[in-house]
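Here are a few notes to read alongside the model.

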Amino acid sequence: MTIIDTPDDVRTAPFDVHPAAGNIGAYIDGLDLAAPLEDATAQALVDTLHRNKVLFFRDQQLGHAEHIAFSRIFGRVTASHPYDDDAPTEFPEILKVDNRDYERKFGVKAASYTNEWHTDVTALVNPPAVTILRADTAPDRGGDTSWTNLAAAYAGLPKSLQDLVDGLRAEHRFGGRHPIFAADSSYGQKVQKTPLITEHPVVRVHPVTGEKLLFVQPGFTSRIAGYSRKQSDALLDLLFEEVANPAYTVRFRWRNGSVAVWDNRATAHLAPGDINHLDIHRTLYRTTVEGDIPVGPDGSPSVSISGDQFVGS
């Protein structure tokens, strides 16, 4: 299992790091994310992210411009989303995450595009490296988001199963095996018109930390390549159960002005399922940072079946 530690270089960073859970997550105090960060501070924050997988900030006053500027310390910021046509014209990098909008787009009540564990947009051949999400309107109750550590999930498998999955590849597409959105909804029609499908290694190697990551999750992973549907489903069920092991997770309660930053290569996250029956409003804003093409333990990269790389600027 991957245990969070706090080495000397982070202890001396110009901000405070407070681990949030046993295997993932940290609260960061002492930074104003709306202000430019010095290079040394920015690098310390990037290093802290790689170590803790997801970082949480409270009481931040960010507009869209400040949100995008902060995101750039992690890399090139992409457009909002491959299927988003509602991004603000002057801020095309901003994705609005609004439970009312998803009901309109999907034809069902939802807080996000999937109600299952997922790593952002792994249907792309180069999924985002980092995601930055800020709360604009947080509900008084419910609406929490959870994250899980995919390095810990891999490490938790028995050696014999690690040896098996090290050599496997899996297909990723929007909705995975069980899409939440209706096929005839506006979102479903976009997915059918311009499908994004990629074959990724089941285990990817993190390009910075070198960790092996269990790179499957029910929100996008649809099948194991070369297996029958029954065999694939049985193995994916086993792996999804490991990804969702509560021991590897952290849960975050949103408040207005909260910001979460996560290493999208090393985590999966779970949108809330406890507010769909409530008459509440939950709005967050998201940016993503351009990612690399995943590589498996054997050095083989992911291969796009349909769709191009998603690049930033």
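**Notes on packing**

1. V202 touches V165, L168, R169, A170, L213, L214, F215, V216, I224 and L239, leaving aside residues up to four places away in sequence; contact here means heavy atoms within 4.5 Å. This is a predicted model, where local features need pLDDT of at least 70, side-chain atom pairs count only at pLDDT 80 or more, and totals for chains, interfaces and linings use all residues. Residues are numbered from 1 along each chain as its sequence is written, and side-chain values use heavy atoms, with hydrogens and water left out.

2. V202 also belongs to the largest nonpolar core, which has 26 residues; V202, L157, V165, L214, V216, I224 and L239 touch the most other members. Such a core is a set of buried Ala, Val, Leu, Ile, Met, Phe, Trp, Tyr and Cys residues joined through side-chain atoms within 4.5 Å. A second, separate core of 22 residues includes L31, A44, A129 and V261.

3. What turns up in a search for aromatic pairs? There are 10 in the whole structure (Phe, Tyr and six-membered Trp rings with centres within 6.5 Å; planes under 30 degrees apart are stacked, over 60 edge-to-face, the rest tilted). F252 and W254 have ring centres 5.0 Å apart and planes at 75°, so this pair is edge-to-face. Both F252 and W254 are buried (under 20% relative accessible area; exposed is over 50%, partly exposed in between, with a 1.4 Å probe and protein chains only).
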